Amino acid sequence: MQGKIIKGIGGFYYIHVEHYGVYECKAKGVFRNRKIKPLVGDNVEIDIIDEADKKGNIREILPRNSELIRPAVANIDQALVFFAAAQPEPNLGLLDRFLLQMEFKGIPTIIGFNKCDLADVSKIEELRDIYKACGYPLLFVSVKEGKNLEELKSLLYGKTTALAGPSGVGKSSLMNWLLPEAEMETGAVSEKIKRGRHTTRHSELFHLGEGTYLFDTPGFSSLYLNDFTDETLKNYFPEFTEYEDECRFVGCNHVNEPDCGVKQALELGKISPVRYEHYVQMYQELKEQRRY
Ligand code: GDP
Ligand code: ZN
């Protein structure tokens, strides 16, 4: 049978098989010899040892489409970065760092702003203005009022999505809304999600529906710029690309250079000053690092 590793604890792997449920499996010695460690998110072939007890063995790991190291997870199709439009105020510097990481890893990202019931219209328009030019799907939702959730759900369908965001923005609330009724068990999952999220560091995939999984991404708050240099940073701001041809200098960093297409676009309001400012901050941070 074929399934997906949704969790690994103490040498056991929990494999979700569509329509059959979850099997507790061991990885046989063959993997140790081949130096492959099964990861959450891996698609695997399993042999059933005991159907009644839902126990089995992993026979084979199917080829991976992608692999993240921190957190360790395989086959993520996309990320949903979730912030609150208000309460707490969104930290857009952090959001931009996250977008940068995903851009670097080539993982498509959806931006979701929750708690729209608490933000006034002008705030929502301001956020829309900042992010509309960079091309990420952008959603304004309220989990509390059920606003735009169906639209969000449809973007997740058939994919494995990493959900990330600071605490207090409504990630647990969203997961509770997304989890199918059958798996809810009188609020037990709600408690389980909270406990899981706040006390253990185990990565876990939640099955949302046919071929659809949500990965609760731990360790979100500390994002470093290790993968970038001051010279490469600009390549991960997708909205810069179409203006770079207009720069006088090849390899222009769009900061101090004259005749810069990106700075022109900024002046014309085609690039968000907030995004640009974050770019310059990170650029300078990286330049400083290189000097020492
Ligand atoms: P997490 O830390 O990201 O998992 O956030 P929670 O799901 O625990 O939510 C934090 C708080 O925000 C809880 O009190 C939720 O009831 C509340 N909350 C979640 N979504 C919304 C929303 O759309 N509107 C409002 N007003 N409150 C929300
Ligand atoms: Zn330039």
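Ile-15 touches Gly-3, Lys-4, Ile-5, Gly-21, Val-22, Tyr-23, Cys-25, Val-44, Ile-46 and Ile-58, leaving aside residues up to four places away in sequence; contact here means heavy atoms within 4.5 Å. The model is predicted, so local features need pLDDT of at least 70 and side-chain atom pairs count only at pLDDT 80 or more, while totals for chains, interfaces and linings use all residues. Residues are numbered from 1 along each chain as its sequence is written, chains are lettered from A and ligands numbered from 1 in the order in which they are written, and side-chain values use heavy atoms, without hydrogens and water.

Ile-15 is also among the residues that touch the most other members of the largest nonpolar core, which has 46 residues. Such a core is a set of buried Ala, Val, Leu, Ile, Met, Phe, Trp, Tyr and Cys residues joined through side-chain atoms within 4.5 Å, where buried means under 20% relative accessible area (1.4 Å probe, protein chains only). Both domain 1 (2–63) and domain 2 (68–216) contribute residues, so this core lies between them; the domain bounds come from an automatic or database assignment.

Turning to the metal site, the zinc ion (ligand 2) is coordinated by Cys-247 (SG), Cys-252 (SG), His-254 (ND1) and Cys-260 (SG) at 2.1 to 2.4 Å. Donors are N, O and S atoms within 2.8 Å of the metal (3.2 Å for Na, K and Ca); water is not among the atoms, so sites may look incomplete. Along the chain, the spacing is C-x4-C-x1-H-x5-C. Cys-247 is buried at 9% relative accessible area, and Cys-260 is buried at 4%.

Note on methods
Buried < 20%, exposed > 50% of the residue type's maximum accessible area, 1.4 Å probe, protein only.
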